[in-house]
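I opened this entry to keep track of what I looked up. The notes follow the order in which I checked things.

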Amino acid sequence: MTPVILFVFGAVTGSFLNVVALRYNSGLSLGGRSACAHCGRKLRWFELVPVLSYLYLRGRCRGCRAKISRQYPLVELWTGLLFATLPLSYLPVFSLYVAITVYDLRHKIIPDGLAYAAAALALLFALLMGGRGLLDWLAGPVLFSFFGLIWFLSRGRAMGFGDAKLALSIGLLLGAREGFSAVVAAFWIGAAYGIGAMIFSPKRLTMKSEVPFAPFLVLGSWAAAALHLDLLHVSSFFQ
Ligand SMILES: [Zn+2]
């Protein structure tokens, strides 16, 4: 039963994170009723139920029949899955990761405010959890330097500096084992996506296409944290 409750709680949080990602840096406040992006009609309560409303409305506004972005149900579903599969203590930072992912997909940039908030929360988490070795404490700075170096050497073409800030928080939150695994997994997922995109829609994507990397980092972090991955065999250093 618990995973179901966590999923529902996650889907509701995802619904809120959609709003955060949409209104962040846009001058709009986080308060106020949600409205149709097309006709501006205020939404009733039964149009605001995560995932289910989208299915019930068959993806269209009740007023103007305009298509509702698939982003909404997908983010709700995804946040639900995150909440049902991750340790509770990771959820505040991962909620910020969801907002960062959506924002990066829309604007191709990671907003500083959200990246710093994630790093600060992850640091607080690391301090509160305790039981961390030196390597765990180094994971954040090491990953930050790694992505910072790619950013510097490629003059921002291969990786944005925002990815370095995101990697810092991933290292702080997950420690050495899962943190390094998250980045390895992110490159695997990114490569698989790139190959798939070149095969299935070569016109839309070439080698030069600017693909946001934050979604892959977050997916990699999810995999590493949910499956307790240790892809670089960090544990063997302690034996
Ligand atoms: Zn409408």
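I started with A117, which lies in helix α5, residues 112-129. Helices here are DSSP runs of H or I with at least four residues, strands are runs of E with at least two, and both are numbered from the N terminus. The model is predicted, so I kept in mind that local features need pLDDT of at least 70 and side-chain atom pairs count only at pLDDT 80 or more, while totals for chains, interfaces and linings use all residues. Residues are numbered from 1 along each chain as its sequence is written, and side-chain values use heavy atoms, with hydrogens and water left out.

I looked up the accessibility of A117 and found it partly exposed, because its relative accessible area is 31%. The classes are buried under 20% relative accessible area, exposed over 50% and partly exposed in between, with a 1.4 Å probe and protein chains only.

Next I turned to aromatic rings. I have 16 aromatic pairs in the structure. Rings of Phe, Tyr and Trp (its six-membered ring) pair if their centres lie within 6.5 Å; planes under 30 degrees apart are stacked, over 60 edge-to-face, and the rest tilted. One of the pairs is F9 with F83, edge-to-face because the planes meet at 65°, with ring centres 5.7 Å apart. This pair links distant parts of the chain, F9 in helix α1 (residues 2-23) and F83 in helix α3, 74 residues apart. Buried or exposed, I asked of F83? F83 counts as buried at 5% relative accessibility, whereas F9 counts as exposed at 52%.

I then took Y24 and Y103, an edge-to-face pair at 5.9 Å centre to centre and 90° between the planes. Y24 sits in the loop between α1 and α2 and Y103 in helix α4 (residues 91-107), so the pair ties together parts 79 residues apart in sequence. Y24 is partly exposed at 24% relative accessibility, and Y103 is buried at 7%. I also recorded a cluster linked by ring pairs: F146, F147, F187, Y193, F213 and F216.

Last, I checked surface charge. R58, R60, R65, K67 and R70 gather in a positive patch on the surface. Such patches take residues with over 30% relative accessible area and no salt bridge, like charges being joined within 9 Å. A salt bridge needs a side-chain nitrogen of Lys or Arg within 4 Å of a carboxyl oxygen of Asp or Glu. I placed R65 in the loop between α2 (52-56) and α3 (71-85); R65 counts as partly exposed at 48% relative accessibility.

Notes:
Patches are made of residues with over 30% relative accessible area and no salt bridge: like charges are joined within 9 Å, nonpolar side chains (Val, Leu, Ile, Met, Phe, Trp, Tyr) within 5 Å. Accessible areas come from the Shrake-Rupley method with a 1.4 Å probe; for residues, only the protein chains shown count as cover. Lys and Arg count as positive and Asp and Glu as negative; His and the chain ends are not counted. The place of a charge is taken as NZ of Lys, CZ of Arg, CG of Asp or CD of Glu.
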